[in-house]
Amino acid sequence: MRLSRYFMPTLREAPSDAQIVSHQLMLRAGLIRQEAAGIYAWLPLGLKVLKKIEQVVREEMDRAGAVEILMPTLQLADLWRESGRYDAYGEEMLRIKDRHERDLLYGPTAEEVVTDIFRAYVKSYKDLPKNLYNIQWKFRDERRPRFGVMRGREFLMKDAYSFDLDAEAARRSYNRMFLAYLNIYARLGLKAIPVRADTGPIGGDLSHEFIILADTGESQVWAHSDLVEMGAPGPDIDWEGDLQPLVEQRTRLYAASDEMHDQARFESEAAEDKRMTARGIEVGHIFYFGEKYSKPMNAKVAGPDGKDVVVHMGSYGVGVSRLVGGIIEASHDEAGIIWPEAVAPFGVAVVNLRPGDSAVDEVAEQAYRALADRGKEPCLDDRDDRPGAKFASLDLVGIPWQLIVGPKGVADGTVEVKRRATGERQTLPLDQALKVICA
RNA sequence: CGGAGUGUGGCUCAGUCUGGUAGAGCACCGCGUUCGGGACGCGGGGGUCGCAGGUUCGAAUCCUGCCACUCCGACCA
């Protein structure tokens with residue numbers, strides 16, 4: 001992609017609406033544009049990042065045995081009347097009428113729809129377990145949207161729903177999601193901590209929130225430092241096997257956010273030098289809720305004895321659009337965004353410092369093609385700007401590498417490679433520069 | 001939803017108190033000089049001053065109503 005033909009409207013100053021750094025940087029880097037309170041258009045760069053996060057989430061869900069579907073944004077109120085939530089859900093639900101005066105709503109979540117799909121087709125315990133997920137736009141009419149995409153009204157969310165014969169099987173489904181989530185955040189270059197969450201009237205210990213560490217995060221977390229060190233289990237675990245040990249290894253260590261924190265317990269469970277407190281952002285929530293929806297909505301399968309059994313369900317959410325902001329909160333500096341390579345909109349920018357100079361053009365084109373051939377998703381900065389302006393805007397939008405081609409270097413057969421995250425640069429012949437970037 | 005605040009060109013803001021022909025910087029267009037970290041000079045384009053009503057010879061400015069957005073609080077992926 002040639003930046004001279006691209007659409008990347010960067011701003012030198014942040015619009016005054018934006019308070020937190022990720023929101024400011026998303027506006028300045030031209031990732032999003034606000035259309036209304038908590039509602040955003042996604043511009044090319046922002047959309048690329050969003051799609052990359054979405055794809056990582058999708059791959060890890062698939063790996064863990066979940067199956068993707070796509071449910072509608074508009075849902076029938078009647079389904080929500082079945083579960084009893086149509087009246088229970090407050091002003092946050094956007095309610096709409098169609099031309100036939102039928103009550104619709106813009107889905108804030110999809111338990112009802114997925115349960116309806118499930119019950120229509122799945123009739124036997126032999127078909128369990130099932131885990132259906134979708135990545136879809138949701139709407140919650142927040143009283144007070146803020147923090148840009150971190151707390152918008154419209155947001156992209158991955159939500160998965162598991163169906164099992166009993167609580168024990170549901171725990172196995174829960175465990176798969178628990179570990180899949182850790183893998184997702186690790187692939188996104190984030191440090192995530194699973195903290196025990198309030199299970200409300202359901203009870204039990206099967207609800208966790210996933211908090212990514214960021215100094216500017218809105219939540220406080222307290223955790224045993226070994227938990228952070230332990231990290232993700234990796235993709236190669238036996239997803240069909242017994243995952244309980246891997247989960248317990250992580251859940252037995254202390255971790256809590258504001259609402260569940262107990263300082264006395266923290267101090268008794270973690271030695272003084274193992275106590276970590278940090279700021280973070282909640283980017284995922286997994287929950288076992290048993291028969292809460294399956295019972296009122298009559299989602300049953302025939303058990304081994306031929307009798308109907310109400311299925312046990314769980315739901316598992318990842319805030320995909322929120323993660324865009326979350327990653328920026330966790331990874332930026334004074335100059336702008338620093339994208340982890342897994343989600344960067346472009347892998348490398350080939351910076352032509354003198355467009356129109358045929359020798360420079362030629363080397364830049366050559367570098368661009370070589371990087372494209374190697375799958376590095378390069379862009380070519382052939383904009384007619386001064387070098388400083390190019391560097392500043394490329395730093396701002398956070399592309400991980402800059403391969404700088406200028407007249408001086410071309411004259412003695414070299415280019416410069418700059419790494420965004422560290423600022424380190426080296427001057428090298430092109431073939432070696434390519435090796436550095438592709439290493 | 002309670003409290004506070006802001007709406008002036010694409011962005012940041014001045015002008016409002018004390019009514020009198022709408023400003024600056026950035027961005028944009030043209031020309032020239034520049035060209036390795038958001039250049040400089042000269043010239044230029046662009047604004048129903050959130051909307052509606054009122055007061056006045058005259059309203060961005062005063063009054064009334066409405067709308068939008070932001071911040072603090074209670075609530076959430």
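This tour goes from the surface near an RNA strand to a sheet and its helices.

The model is predicted; local features need pLDDT of at least 70, side-chain atom pairs count only at pLDDT 80 or more, and totals for chains, interfaces and linings use all residues. Residues are numbered from 1 along each chain as its sequence is written, while chains are lettered from A and ligands numbered from 1 in the order in which they are written.

**Stop 1: the RNA**

Select RNA strand B. It is surrounded by 44 residues, counted as near if the C-beta atom, placed from the backbone, lies within 6 Å of the strand. The closest are S16, G319, P387, G388 and G406. Now colour by type: 15 are nonpolar, 13 polar and 16 charged (Ala, Val, Leu, Ile, Met, Phe, Trp, Tyr, Cys and Pro are nonpolar; Asp, Glu, Lys and Arg charged; the others, Gly among them, polar).

Which element gives the largest share of this surface? Select α12 (387-397): eight residues come from there. Elements are DSSP runs, helices being H or I of at least four residues and strands E of at least two, numbered from the N terminus.

**Stop 2: the sheet**

Show β20-β19-β21-β22-β23, an open sheet of five strands with mixed pairing. Strands pair if DSSP finds at least two bridges between them. At the edges lie β20 (378-381) and β23 (425-428). Zoom to β19 (348-352), which runs parallel to β20 through four bridges. There A349 stands opposite C379.

**Stop 3: the helices**
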